[in-house]
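Please read each point with the structure open beside the text.

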Amino acid sequence: MEPPRARATVAPVSPPVDFVLGAAACCVACVFTNPLEVVKTRLQLQGELRSRGTYPRHYRGVLQALWAVSQADGLRGLQKGLSAGLLYQGLMNGVRFCSYSHAEDIGLTQRPGGTVVAGAVAGALGAFVGSPAYLVKTHLQAQAVAAIAVGHQHNHQSVSSAFETIYKKQGLLGLWRGVSGAVPRVMVGSAVQLATFASAKEWVRTQKWFKEGSWLVALAGGMISSVAVAVAMTPFDVVSTRLYNQPVDEMGLGKHYRGFLDCFVQISDKEGALALYKGLGPAYLRLGPHTILSLLFWDELRKLTYQHQGT
């Protein structure tokens, strides 16, 4: 989960500028973390077809999954869905940063619990706006050669053709299929991260493991915070991935799950409660670096913007 906003050491910038800077920072981070997103998606879809006669199991952990994907699809296979991922990151995080910045400007974050509320609301807005891009990203990242395929295969040729196909078959509302799982996922992640990141970083600072002002303080704090975020988000993330990737009938209704609650119950009943934590390893490994990279790039971009405004 990317940070909605951090307390910066530079003067604040306007919400529209934060939209651009937040989107740019998270897009750069996405380039580095997308391979783990591909692996996480595959692990979360694995086992979905157990009750339907087959149970393909090709991935037995993060490292083995990375190896299997690179062997079957080449190194480019680890960047599947990158274009859609960048579009999602830009839209979702741009809206999140902008919304949280506005909440900060009107003083909402200064009230008790304001940071959690503002982060959750900003996350919900960002998730809704970015949902179509996340849908296409999930479809593309799930696609694989038959030998290592898991989950339904949509066989899109590109990002644009995916949007076109979904729109033609399911209409405009079809592009928001799965949003019922995405909104609570991002809301929970935003709220948990805002509640834990600052305190985790302060705890690391008091331990004096690193020099004052070192970037390693933020790194360690982000990794600690990411544990809480990953644990809180992963069940929502698994459900969201399943909802986005499932095939639909001629009415645009999901063939496997009727909605968020039905998907949650089916996974728990048929695959066990621990199945809700599929992909936890790569989710954590992605969240930590993505959080830190997003914060780092965002902070540096804001400094450059502030310096430019000063001149």
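1. Is Phe236 buried, partly exposed or exposed? The model is a predicted one, and in it Phe236 has a relative accessibility of 23% and counts as partly exposed, because the buried class is kept for values under 20% and the exposed class for values over 50%.

2. The aromatic rings deserve a careful look, and the count comes to six aromatic pairs. In one of these, Trp203 and Trp209 have ring centres 5.3 Å apart and planes at 90 degrees, so the pair is edge-to-face, given that angles over 60 degrees are put in that class. Trp203 is itself partly exposed, with a relative accessible area of 42%.

3. Phe236 also takes part in an aromatic pair, with Phe260 as its partner, and this pair is stacked, with 5.9 Å from centre to centre and 20 degrees between the planes. The two residues belong to distant parts of the chain, since Phe236 is in helix H7 (residues 215-245) and Phe260 in helix H8 (residues 260-271), 24 residues apart. Phe260 is partly exposed, its relative accessible area being 22%.

4. A separate point concerns Tyr134, which forms one aromatic cluster with Tyr88 and Tyr244. The ring of Tyr134 also has charged groups over it: Lys137 lies over its face at 4.3 Å from the ring centre, and the charged end of Arg185 sits over the ring of Tyr134 at 4.5 Å from its centre.

5. The largest nonpolar core has 15 residues, and those with the most contacts inside it are Tyr88, Val136, Ile166, Val186 and Tyr244. Helix H3 (82-105), helix H4 (114-142), helix H5 (159-174) and helix H6 (179-207) each supply at least two of its residues, and H4 gives the most, with six residues. In soluble globular proteins, nonpolar side chains tend to be buried together.

6. Where they meet, Lys40, Thr41, Gln44 and Leu45 stand on the H1 side, while Asp237, Val238, Thr241, Arg242 and Asn245 stand on the H7 side.

7. Thr241, which lies in helix H7, counts as buried at 1% relative accessibility. Leaving aside neighbours within four places in sequence, Thr241 is in contact with Thr41, Gln44 and Leu45, and also with Tyr134 and Thr138.

8. A last point concerns Leu108, whose place is in the loop between H3 and H4 and which counts as partly exposed at 26% relative accessibility. Not counting residues up to four places away in sequence, Leu108 touches Ala103, Gly114 and Ala118. The C-alpha atoms of Leu108 and Ala118 are separated by 7.2 Å, although these residues are 10 residues apart along the chain.

Note on methods. Residues are numbered from 1 along each chain as its sequence is written. This is a predicted model: local features need pLDDT of at least 70, side-chain atom pairs count only at pLDDT 80 or more; totals for chains, interfaces and linings use all residues. Side-chain values use heavy atoms; hydrogens and water are left out. Rings of Phe, Tyr and Trp (its six-membered ring) pair if their centres lie within 6.5 Å; planes under 30 degrees apart count as stacked, over 60 as edge-to-face and the rest as tilted. Buried means under 20% relative accessible area, exposed over 50%, partly exposed in between (1.4 Å probe, protein chains only). Helices (H or I, at least four residues) and strands (E, at least two) are DSSP runs, numbered from the N terminus. A charge sits over a ring if NZ of Lys or CZ of Arg is within 6 Å of the ring centre and within 35 degrees of the ring normal. A nonpolar core is a set of buried Ala, Val, Leu, Ile, Met, Phe, Trp, Tyr and Cys residues joined through side-chain atoms within 4.5 Å. Contact means heavy atoms within 4.5 Å.
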